[in-house]
Amino acid sequence: MTQPPGQPYQPSYGPSYGPGPGYGAPSPYGSPYGFQPPPPPVSAGWQPERLEQVTGTEFGLVHLQVAPITSGPAIGSLAAGIAAIVVSFAALCFGVSGAEAGWGGWVAGAFALLSVLACGGAVGAAVIARRQIAGTGEPWRVRFTGRGLTTGGIICGLIGALLAVLSLAMGLTLQLS
């Protein structure tokens, strides 16, 4: 192969990926091919965390940064806790308004039971979410967040159950007096 005068001959060590920065640059991993493949394009939130050379080949392995995800059970725990509070207020309203007619205690009891069940759902979902959040930690795996949501779900659920029991007691007291 003949070269134009003035330009030294550069041997090619592997396939060419095209023009641009990083093409043909020596590999920091001591690749026998003398180049490092380009990282993938940064798009849609995917960013490379590190690049490892596959030994004995011209290929590399890209580890991408994985954005943390809010845990679904944590969101469900907070929603169930808020529902427990709302249902406990319904127990209070029906217990007080129906006390004179004689049906307030029954309806308040039904809503109190529903509120206590929602409290149990909130606490159960919070326990599941906390186990899910604690089980993730490696940077290349999916990480879950939402520990504060689980705490809020537990607190709201317990407050809702307590308010429901107090509303039932108030409705029964007004009905029997």
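1. **Basis.** This is a predicted model: local features need pLDDT of at least 70, side-chain atom pairs count only at pLDDT 80 or more, and totals for chains, interfaces and linings use all residues. Residues are numbered from 1 along each chain as its sequence is written, and side-chain values use heavy atoms, with hydrogens and water left out.

2. **Overall plan.** The chain holds three helices and four strands. Here helices (H or I, at least four residues) and strands (E, at least two) are DSSP runs, numbered from the N terminus. In sequence order the pattern is β-β-β-α-α-β-α.

3. **Burial and surface.** The chain has 177 residues, and 26% of them are buried. Buried means under 20% relative accessible area, exposed means over 50%, and partly exposed lies in between (1.4 Å probe, protein chains only). The accessible surface of the chain is about 11000 Å². Carbon and sulfur atoms account for 69% of that surface. These areas come from the Shrake-Rupley method with a 1.4 Å probe; for residues, only the protein chains shown count as cover.

4. **Contacts along the sequence.** Take the contacts between residues at least 6 apart in sequence: 55% join residues at least 24 apart. A contact means heavy atoms within 4.5 Å.

5. Strand S1 covers residues 47-53 and strand S2 covers residues 60-65. They run antiparallel, joined by six bridges. Strands pair if DSSP finds at least two bridges between them. Leucine 51 has valine 62 in S2 as its bridge partner. Glutamine 47 stands opposite glutamine 65 in S2. Six residues separate the two strands of this hairpin. In the turn, glycine 56 has a positive phi of about 80 degrees. As background, side chains in a regular strand alternate between the two faces of the sheet.

6. **H1 against H2.** Two packed helices are described by the angle between their axes and the distance between the axes. Helix H1 (residues 72-97) packs with H2 at an angle of about 165 degrees. Their axes are 7 Å apart. Axes are lines fitted to C-alpha atoms, for helices over the stretch in contact, and angles run from 0 to 180 degrees between N-to-C directions. H1 is therefore roughly antiparallel to H2. Angles under 35 degrees count as roughly parallel, over 145 as roughly antiparallel, 65 to 115 as roughly perpendicular and the rest as oblique. The crossing of H1 and H2 is left-handed. That term applies if the near helix is turned anticlockwise from the far one by less than a right angle; clockwise gives right-handed.

7. **H2 against H3.** Helix H2 spans residues 104-134 and helix H3 spans residues 147-176. They pack at an angle of about 165 degrees, with axes 8 Å apart. H2 is therefore roughly antiparallel to H3. H2 passes H3 in a left-handed crossing.

8. **H1 against H3.** The axes of H1 and H3 come within 7 Å and cross at roughly 15 degrees. H1 is therefore roughly parallel to H3. The crossing of H1 past H3 is left-handed.

9. **Serine 88.** This residue lies in helix H1. Is serine 88 buried or exposed? Serine 88 counts as buried, because its relative accessibility is 1%. Setting aside residues up to four places away in sequence, serine 88 touches Ser115, Gly160, Leu163, Ala164 and Ser167.

10. **Glycine 157.** Helix H3 is the place of glycine 157. It counts as buried, because its relative accessibility is 0%. What does glycine 157 touch, not counting residues up to four places away in sequence? The residues are Gly81, Ala84, Cys119 and Ala122. Glycine 157 and alanine 122 are 35 residues apart along the chain, yet their C-alpha atoms are separated by 5.8 Å.

11. **Valine 165.** Valine 165 also lies in helix H3. It counts as partly exposed, because its relative accessibility is 49%. Its C-alpha atom is separated by 8.4 Å from that of valine 116, 49 residues apart along the chain.

12. **Isoleucine 69.** Isoleucine 69 sits in strand S3 (residues 69-70). At 41% relative accessibility, isoleucine 69 counts as partly exposed. Beyond neighbours within four places in sequence, isoleucine 69 is in contact with Val142, Arg143, Phe144 and Thr145. Isoleucine 69 and arginine 143 are 74 residues apart in sequence and 6.1 Å apart in space, C-alpha to C-alpha.
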